[in-house]
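Me: Can you walk me through a few features of this one? Surface first, then aromatics.

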Amino acid sequence: MPGEGRRIRHSGLGAGPAGAVSVLALLALWVLVSLGADNARIMPPPWDVAALIWRAAASGELWYHAGMTLFRVAASFAIAMAAGCALGLFMGRSARADHWLNPSLVVALNIPALVVIVLCYIWIGLNEIAAITAVAVNKIPLVTVMIRDGTRALRPDLDEMARAYGMSRGARLRHVTLPQLAPHIASAARAGIALIWKIVLVVEFLGRSNGVGFKLHMYFQMFNVAQVLAWSLAFVAVMLLIDYAILRPWERRASRWRRDED
């Protein structure tokens, strides 16, 4: 409906100022708590944390460790998305495959991430392969479930029409299946990236010699709250930038055909 479209656009325009107000409110609360704290080492003020972030960025240390973390995030994300999309499409298309694989999928969804990380380090060793594998294994079940559910919702009439026109299996996948799955893939990507970078920090915390998680581990041992906050907030800002600049626009484009259809 036209009125509904106007309401959606209006809410989208108001999202920016509302988000800025909420961030400013959190900063104000942080300032009040830090001023009321007895020990500045326990709750440092925002300006002290901002100074540490600036210092790490100016020295290049922030970019090196954040770059290593982003490399692990990107590698595990690509593996998990590829494997999860393939497995989810297979299970969504085949009732027999879903019947046999669903119990294992449920088990994989409920295994704690920490257990997977520890086992990968024990079985593979304290190296990059183990780190990336542990993160990807934790992410694959979530992608599989989302893509499987999306595959079940595909329109059979479009597939039947493609068959009637003699389209090959590859052409049907490219022109019929994937466009319908695009919103589900985009949603899985956004949900997955939020999960993956947190698991990567745990992986680095436990067994790597570089990355943001490694720096958090080092400053945790020193009980340096200001540095822990500085490195955490710096990387959160990087991941939010990726989400708003890349993943959200991609999700909107992927879902545009559904809105146009409505």
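Predicted model: local features only at pLDDT ≥ 70, side-chain atom pairs only at ≥ 80, totals over all residues.

Me: Which residues make the nonpolar surface patch?

Reply: Val-107, Ile-111, Leu-114, Val-115, Val-118, Leu-119, Ile-122, Trp-123, Ile-124, Ile-129, Val-202 and Leu-206 make a patch of about 1100 Å². Two elements, α5 (113-124) and α8 (169-207), each give two or more residues to the patch.

Me: Which element gives the largest share?

Reply: Helix α5, with seven residues.

Me: Now the rings. How many aromatic pairs are there?

Reply: The structure has three. One of them is Phe-205 with Phe-220, tilted, at 6.0 Å centre to centre and 50 degrees between the planes. Phe-205 is in helix α8 and Phe-220 in helix α9 (residues 212-221), so the pair links parts of the chain 15 residues apart.

Me: Why is the pair of Phe-220 and Phe-223 tilted?

Reply: Because the planes are at 45 degrees, which falls between the limits of 30 and 60. The ring centres are 6.3 Å apart. Phe-205, Phe-220 and Phe-223 form one aromatic cluster.

Me: How accessible are Phe-205 and Phe-223?

Reply: Phe-205 is partly exposed at 28%, while Phe-223 is exposed at 64%.

Me: Is Gln-227 buried or exposed?

Reply: Buried, because its relative accessible area is 14%, under the 20% limit.

Key:
Residues numbered from 1 in each chain as written. Heavy atoms only, no water. Patch = residues over 30% accessible without salt bridge, like charges linked within 9 Å, V, L, I, M, F, W, Y side chains within 5 Å. Areas by Shrake-Rupley, 256 points an atom, 1.4 Å probe, with all protein chains shown as cover. Salt bridge = Lys/Arg side-chain N within 4 Å of Asp/Glu carboxyl O. Helix = DSSP H or I, 4+ residues; strand = E, 2+ residues; numbered from the N terminus. Buried < 20%, exposed > 50% of the residue type's maximum accessible area, 1.4 Å probe, protein only. Phe/Tyr/Trp six-rings, centres within 6.5 Å; stacked < 30°, edge-to-face > 60°.
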